[in-house]
Amino acid sequence: MKKFFQEIKADIKFKSAGPGQKLTESVGERAPKEKPNQPALRQPRQGPTDEAQMAAAAALARLEQKQPRARGPTSQESIRNQVRKELRAEATVSASTEAPGTNTVPEAKEEGSAHLAVPSVCFTCPLTGATLRKDQRDAHIKEAILSHFSTDPVAASIMKIHTFNRDRDRVKLGVDTIAKYLDNICLHPEEEKYRKIKLQNRVFQERINCLEGTHEFFEAIGFQKALLPVPDQGKGGRAGSWLCWEEGSRVGGSPRGSRVTLVRAPEGPEEFYVLSEAALAQPQSLQRHREQLLVAEPVRATLARQRRVFRPSPMASQFDLPGDFFNLTAEEIKREQKLRSEAVERLSVLRTKAMREREEQREMRKYTYTLLRVRLPDGCLLQGTFYARERVAALYAFVREALQSDWLPFDLLASGGQRLSEDESLAFNECGLVPSALLTFSWDAAVLADIRAAGAEPDSSILKPELLAAIEKLS
């Protein structure tokens, strides 16, 4: 039996040894193995046309919308752990921020990236027209207002009141009080008491003296400081004294626990604002200055659109944004941390579709700016920067300003073919167009058909010549 198994093993080894070889053959005389035929080299394919790229982008957008979103973790404990990790990470970032006002991004990232879609978020000063970075706007506007005093001190002081003071409620209270002073002067020009304003008056100190620019305004419209004696304060009073009544509870209409405190004021004259005779003789000027003060608004730098035009490019949907588009102020960081803390309880319960949509909209609101590109029928790209809370009508106006035939109606389509109506009051963040988006331009089909029926064609050049002269290559 043992010999039988040995023969079987030897037979198996012989068969597995491969093809045989004659003893008279040398190793080098073996016929080489035939290699499989090499496939013929393919000719390089040409790139897709612009129309094919647009169709492919629209198809991909539709597929992305149809695909179900990946569900997050279902375990309540895993949800809590994930939120805690994110909160600790955000707290570390906010604690290590050098400037207390903003969460900055390292400069090397911005300066080293040569292919940013836009260098940074810039603003335009309404007084000088200068283009400013985000960290330059406040200081530049203040300097511009102060330099305006040499030409128009009344307008400069009004701008200073509304711009230098951040508390809008306090500004409104102070402005209303100044307007009341001027109303009394215009209604009772013969009354001398209305032409004097005591600087140590409690109302003046609490409402006006605390605001920057108010003293400059009084002096610019004709008030002058003067030391005047304090008049007697009513019957039984004495010059330089105040009577302060502090009443307690009343029982049966009679005071109970009331007391009188006599406070001795500093002796001697006190400082007043007194309206000059020249200003009193021009009540129309006082009324005009009053109206200017009431209707004025803070001087704020406007967002620079930074309009750019690019040649047709397959990279139209790729956006390399600077850190300014993602920076959050200290208040915004605290609000985000609070929202993420609430996420533990919110994700632990079942939510309806409406609840999920509201939460998605809340996520969109954390962006301040958005970069939008519009692909024109000839393939060129028009780019501009907007506030995330601006309305869709602002984009329509931006595009219309760049068109050579700005009178023709047109439509703007978002990804997936969604049409954005110019009359809608939706903001960009409510449409999901943040922090960047690519839209498609198309002429109104009905109007275009009427033009062609009349035997005419719209201009082949869509944009204005001065914009086409500065066209760039998107890299």
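This report describes the helices, strands, aromatic pairs and some single residues of one predicted protein model.

## Basis of the description

The model is predicted, so local features need pLDDT of at least 70 and side-chain atom pairs count only at pLDDT 80 or more, whereas totals for chains, interfaces and linings use all residues. Residues are numbered from 1 along each chain as its sequence is written, and side-chain values use heavy atoms, with hydrogens and water left out.

## The chain as a whole

The protein chain has 16 helices and 16 strands. Both kinds of element are DSSP runs numbered from the N terminus: helices (H or I) have at least four residues, and strands (E) have at least two.

Of the 475 residues in the protein chain, 31% are buried. Here buried means under 20% relative accessible area, exposed means over 50%, and partly exposed lies in between (1.4 Å probe, protein chains only). A contact means heavy atoms within 4.5 Å. Among contacts between residues at least 6 apart in sequence, 71% join residues at least 24 apart.

## Helix H11

Helix H11 covers residues 283-295. The expected span of a helix is 1.5 Å times one less than its number of residues.

The buried residues of H11 are Ser 285, Leu 286, His 289, Arg 290 and Leu 293. They lie on the same side of the helix, because they cover an arc of only 140 degrees around the axis; the arc is that of the directions from the helix axis to the C-beta atoms. Gln 284 and Val 295 are exposed on the other side of H11. The cover over the buried residues includes helix H6 (153-164), helix H7 (168-187), helix H9 (214-220), strand E9 (270-275) and helix H10 (277-280).

Strands of a sheet pair through backbone hydrogen bonds, either parallel or antiparallel. In this description, two strands pair if DSSP finds at least two bridges between them.

Strand E12 (residues 369-375) and strand E13 (residues 381-387) pair in the antiparallel sense over seven bridges. Within this pairing, Leu 371 stands opposite Thr 385 in E13.

## Aromatic pairs

The structure holds 14 aromatic pairs. Rings of Phe, Tyr and Trp (its six-membered ring) pair if their centres lie within 6.5 Å; planes under 30 degrees apart count as stacked, over 60 as edge-to-face and the rest as tilted. Phe 218 and Tyr 273 form a stacked pair, 5.2 Å centre to centre with 25 degrees between the planes. This pair links distant parts of the chain, with Phe 218 in helix H9 and Tyr 273 in strand E9, 55 residues apart. Phe 218 counts as buried because its relative accessibility is 0%, and Tyr 273 counts as buried at 0%.

The rings of Phe 386 and Phe 398 have their centres 5.3 Å apart and their planes at 85 degrees, so this pair is edge-to-face. Phe 386 belongs to strand E13 and Phe 398 to helix H14, twelve residues apart. Phe 386 is buried, with a relative accessible area of 0%, and Phe 398 counts as buried at 4%. One aromatic cluster is formed by Phe 204, Phe 217, Phe 218, Phe 223 and Tyr 273.

## Backbone features and a buried residue

Most residues other than glycine have a negative phi, and most peptide bonds are trans. The peptide bond from Val 434 to Pro 435 is cis, with omega near -5 degrees, and Pro 435 lies in the loop between E15 and E16. Gln 306 is not a glycine, yet has a positive phi of about 50 degrees. Gln 306 lies in the loop between strand E10 (302-303) and E11 and counts as partly exposed at 21% relative accessibility.

Ile 141 is placed in helix H5 (residues 137-147) and is buried, with a relative accessible area of 4%. Not counting residues up to four places away in sequence, Ile 141 touches Cys 125, Thr 163, Val 299, Arg 300 and Ala 301. Ile 141 and Cys 125 are 16 residues apart in sequence and 6.7 Å apart in space, C-alpha to C-alpha.
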